[in-house]
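Have a look, then read on.

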Amino acid sequence: MMCTETVLKQEDVPEQRSLLGWDSARRWPFVAMMLLGVIVAGVGVSLFVGDISIDAGTIGDSLFHYDAESVSHLLVRDWRLPRGVADVLVGAALAVAGAIMQAVTRNPLASPGIMGLNTGASFFTLLTMVLVPTTGRPQMMLAAIAGAGLGAAMVYGLGSLSRGGLTPVRLALTGIAVSALLGAIGNGVMIYSELGQDMLLWHARGTEGVRWLDIGLFLPLAGVGFLGAFAIAPTLSILTLGEHVARGLGQRTRLAKFLAAAIVLVLAGGAVSLAGPVGFVGLMIPHVVRHIVGQNYRLVIPGSALCGSLLMLAADMAARLASTPFKSPVPVSAVTALLGVPFFLYLACRKPTTARLRGGRT
Amino acid sequence: MTIKLITLSTLLLFGWALVRTGNLGQLGDRWKRPEPKASLRQVKVLSTTPDYRLVKHLMGNTKVPLAPQRIASLCGAATDSLVALGVRPILVQGGSRIDGAQLYLADSLKGVAVMPPDSVISLEAVLAAKPDLIFASNMQNGKLYGQLSKIAPTVFIGSTGDGYRENRILDVGEVLGMQEKAERRLAEYRRRLERAKERLSSQAKNEPVAFLRFRKNTSVIYTRTAMFGPLLFEQLGLTPDPAMPEVMMGGGWDVLSIERLSDLRAEHIFMTIDPDSELYLQGVAKTPIWRNIPAARHDHVHRIASSTWLSGDGVLGCEAILDDILAAMAPERSP
């Protein structure tokens with residue numbers, strides 16, 4: 001990765017059409033701090049949202065004057081707070097995974113949801129539930145990561161078989177086909193083992209059941225993933241110019257791609273094991289962020305992480321608000337899908353000249 | 001421009017729909033469960049000849065021998081009713097996935113061959129038992145109807161959908177030509193139900209109850225429309241927990257988030273725990289969330305067998321539930 005620095009200084013990356021008209025990168029740390037502040041505030045607000053109402057004073061007390069015997073304190077500290085933190089982590093993980101995938105495959109439709117990672121991960125989680133019902137959370141997370149790998153390998157492999165390589169449309173089609181296949185097998189297993197209702201509960205719960213223990217498990221994985229993503233960010237910027245160009249510029253593209261794949265699997269698999277399959281975060285966020293900051297992945301990666309967190313937090317709060325009066329949980333994936341489907345259609349319907357990534361294949 | 005306008009209005013529409021879902025709750029209240037017919041029957045005897053009885057059931061018409069001697073019962077509802085009628089089957093398949101067998105029938109069925117409650121039944125085992133009549137349930141064995149019919153006349157008794165499980169004995173009684181006995185047994189059950197109701201209203205008046213099931217790291221609450229809901233909340237007149245939803249579609253159960261669990265105000269909790277959820281319950285039971293529920297505070301949490309409450313389809317199952325409730329809420333006072 002170090003060689004990147006010598007070949008291509010940050011200033012050399014064409015700062016393409018940054019939306020706010022800022023050509024200097026010096027203001028981005030300030031923006032990032034602001035976003036971080038909004039996220040922290042968002043987690044704070046999320047403490048107010050739940051099935052029973054808890055007033056602000058009690059919430060404050062539960063954080064600063066914790067009383068282990070108080071039900072409200074316990075609910076806030078051990079259920080609502082980890083849920084908010086999990087939303088932040090899952091949103092960031094999915095968005096970063098999506099950003100990396102879009103850069104490496106140079107495909108605007110690439111994302112954990114479209115490329116079969118979510119389906120693969122939940123399929124393997126289901127298999128683990130059936131074969132080893134007493135599996136603990138760590139093994140479940142490993143299974144989800146392995147499943148994400150299988151899903152991605154199938155989609156990427158099958159899609160690349162055809163002549164002309166993996167075009168955006170072909171990727172989407174293969175993704176849909178593989179997702180449908182894994183989903184169908186999963187349904188079969190579910191029916192055969194009479195686990196249908198249990199799986200439904202798992203899908204609908206989202207981040208509801210997340211405890212501090214789960215966060216403790218995912219945090220190191222996510223930390224390594226985020227750091228790794230940041231480390232390969234300069235290479236990603238160059239990879240978007242095309243593999244030949246990147247190789248010509250002295251990039252070790254194979255190593256970079258391998259690292260990128262490993263990071264994506266860890267992030268997406270971990271996110272699924274924490275929150276179930278949540279689509280569209282990894283698709284939408286990188287586009288929005290690139291639209292604002294341009295093609296420099298040293299900005300796109302942290303930007304995606306921050307914006308993904310915000311989206312996931314907001315979506316989960318919306319899901320919780322929508323489910324309270326109906327007395328039946330609305331899955332957070334339904335909310336992200338409500339936002340994501342129109343966005344996906346917009347991406348797919350854009351004029352062909354702008355449909356590819358800027359700097360992508362011509 | 002047009003596309004932007006369409007996208008924007010779509011988004012607004014979605015947002016509006018999301019907000020309006022708040023009113024769907026009241027929409028649900030308007031949906032009332034239709035009053036089930038008191039005798040929602042599954043079989044009907046069309047004609048009786050000197051050789052057989054022609055019985056119409058859910059899967060078609062079957063010629064049933066007048067006095068069957070070797071009955072194989074592949075469904076819980078028929079097994080329960082057979083035992084209640086004093087008929088001993090030669091082979092049963094039964095029970096629930098959780099408890100393995102129908103525990104409340106274990107004594108009566110001692111010595112009877114039992115097939116494990118797999119979703120696939122073993123045709124060889126049925127064939128080897130040489131039955132002259134087979135009862136099967138439509139849920140699991142529907143596709144096997146043709147094959148079972150080749151072994152012996154097969155009658156389908158589906159599991160009870162309307163919650164009035166005691167009526168199954170009338171169906172089985174009619175197939176076997178034991179209508180009078182079935183009606184006598186049903187009347188006996190009804191008297192027992194009345195006595196239980198009186199005892200409950202004198203000893204445990206207006207104490208709210210809840211039925212919980214712990215499954216896969218969550219808990220669910222069974223409501224009025226669950227399989228034993230009518231028995232608890234209509235026939236026995238028990239008071240449901242205020243946190244119990246009034247109307248539920250599907251299986252009649254609703255997921256209780258941990259926050260709603262903390263909101264329970266039941267004086268008595270009946271609960272069953274799936275094998276993989278014991279750890280989850282232990283984790284919750286340690287916290288004040290659980291300890292603050294009146295039932296837990298007063299030590300009125302009763303673990304019951306899921307094979308009785310969830311699978312006890314028939315008169316005997318209902319009576320076993322009555323026994324559980326009376327033992328828990330209105331124990332016999334020692335003289």
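Q: Why does Ser73(B) count as buried?

A: Buried means under 20% relative accessible area, with exposed over 50% and partly exposed in between (1.4 Å probe, protein chains only). Ser73(B) has 0% relative accessibility, so it counts as buried. Bear in mind that this is a predicted model, where local features need pLDDT of at least 70, side-chain atom pairs count only at pLDDT 80 or more, and totals for chains, interfaces and linings use all residues. Side-chain values use heavy atoms, with hydrogens and water left out.

Q: What makes the link between the side chains of Ser73(B) and Thr79(B) a polar contact?

A: A polar contact is a pair of N or O atoms within 3.5 Å; within protein, one must be able to donate a hydrogen and the other to accept it, and residues adjacent in sequence count only if both atoms are side-chain atoms. Here the two side chains make theirs at 2.7 Å. The side chain of Ser73(B) also has a polar atom 3.2 Å from the backbone oxygen of Cys75(B).

Q: Which residues does Ser73(B) touch, not counting those up to four places away in sequence?

A: Contact means heavy atoms within 4.5 Å. Among the residues that Ser73(B) touches are Leu82(B), Leu91(B), Val92(B) and Phe135(B).

Q: How do the residues lining the second largest pocket divide?

A: They split into 15 nonpolar, 12 polar and 9 charged. Ala, Val, Leu, Ile, Met, Phe, Trp, Tyr, Cys and Pro count as nonpolar, Asp, Glu, Lys and Arg as charged, and the others, Gly among them, as polar.

Note on methods. Residues numbered from 1 in each chain as written. Chains lettered and ligands numbered in written order.
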